[in-house]
Amino acid sequence: MSQNGQNADKNKDNRNRITEYMWHSDSEDPLRLVQCQDFPNFKIPFHLEIHSNAVFLIDFHSHLSNNEVIGFLGGEWDPKRMVIRVIRAYPCKALDVGQDDKNVEIEPTSLVTVTKEIKNDGLRVVGWYHSHTTFQPDPSQRDIENQNNYQVLFRDEETKTEPFIGVIDAAYDIRLPTCSSVFNFFWIMNKSIPMKLLFSPHFNERLTAYDYKAMDICINMYKEKTNRTNFNEIWRLDSKKEESIKPPSYFPSYAIPQKKTIDTNTSTTTT
């Protein structure tokens, strides 16, 4: 097949992929998913570095609920080198919006508490994350709007840059090629176009005291929730949901605590 033919087939597959995941045909539907585009090299707004512990905590949080979860990212912004460093994930409580399986918003008091915590830790808010529990991690129209609003809010006027990223974690999509989650790191260009971000991984050798504390906070969020994950549930290919907490391919060595387990009856961690 010629190169043109391959490209045509690829474009057709991409169009089909987008159409498959639209919940409604109305283009103004706020839950319609939009596939991210690749940046032209000359338009990349900043470099991105991400610590593996932050990715682990995002994924851990995303696996605890059958509904979407949400949180902020704490890190550093280096305006001289134009680098965002994502160092920690900060789980937040979700607001009950009545569409928990397809939409999520941060509970206002949790927003205030967590942003204050990030500041007290000597970091700044550099992004947010949420999960798409059972479908692909492309941003919805509402995600694009939220991300754009955050970028405007955290704009660095000195560099004319918007150092704020979005992360979406697809934890339980049965269409995934493996049990590992798929992540989408994105940024909005021209107020409406979601762009895929590439990043340099920073490998943490072990989980920190903060990470273990945050894991317990995550679990306690769902202690009394009916939507908490049953890790003994079979979800694909005779695999239990507990088997899906695996490192993504670009973080093959991040440390999953082998002695720390989840009691699915009491929603507590044990060692």
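These are my notes on what I looked up.

**Ground rules.** This is a predicted model, so I note that local features need pLDDT of at least 70, side-chain atom pairs count only at pLDDT 80 or more, and totals for chains, interfaces and linings use all residues. Residues are numbered from 1 along each chain as its sequence is written, and side-chain values use heavy atoms, with hydrogens and water left out.

**Entry 1: strand β9.** I started with β9, which covers residues 182–189. Helices (H or I, at least four residues) and strands (E, at least two) are DSSP runs, numbered from the N terminus. Seven of the eight residues of β9 are buried, so the rest of the structure largely encloses β9. Buried means under 20% relative accessible area, exposed means over 50%, and partly exposed is in between (1.4 Å probe, protein chains only).

**Entry 2: the partners of β9.** Which way do β8 and β9 run? They run antiparallel, joined by five bridges. Two strands pair if DSSP finds at least two bridges between them. I found Ala170 opposite Val182 in β9. Strand β10 (residues 193–196) is also antiparallel to β9, with four bridges, and there Ile188 stands opposite Pro194. The hairpin of β9 and β10 has three residues between the strands, and Asn190 takes a positive phi near 55 degrees.

**Entry 3: Met189.** Is Met189 buried or exposed? Met189 counts as buried because its relative accessibility is 14%. Leaving out residues up to four places away in sequence, I see Met189 touching Phe39, Lys43 and Met195; contact means heavy atoms within 4.5 Å. Glu162 is 27 residues from Met189 along the chain, and their C-alpha atoms are 10.0 Å apart.

**Entry 4: aromatic rings.** I looked up the aromatic pairs and got eleven. Rings of Phe, Tyr and Trp (its six-membered ring) pair if their centres lie within 6.5 Å; planes under 30 degrees apart count as stacked, over 60 as edge-to-face and the rest as tilted. Trp128 and Tyr150 have ring centres 5.7 Å apart and planes at 50 degrees, so I log a tilted pair. Trp128 is in strand β7 (residues 124–131) and Tyr150 in helix α4 (residues 141–153), so this pair ties together parts 22 residues apart in sequence. Both Trp128 and Tyr150 are buried.

Phe154 and Phe164 are stacked, because their centres are 4.9 Å apart and their planes at 20 degrees. Phe164 is buried, at a relative accessible area of 0%. One aromatic cluster holds Phe72, Trp128, Tyr150, Phe154 and Phe164.
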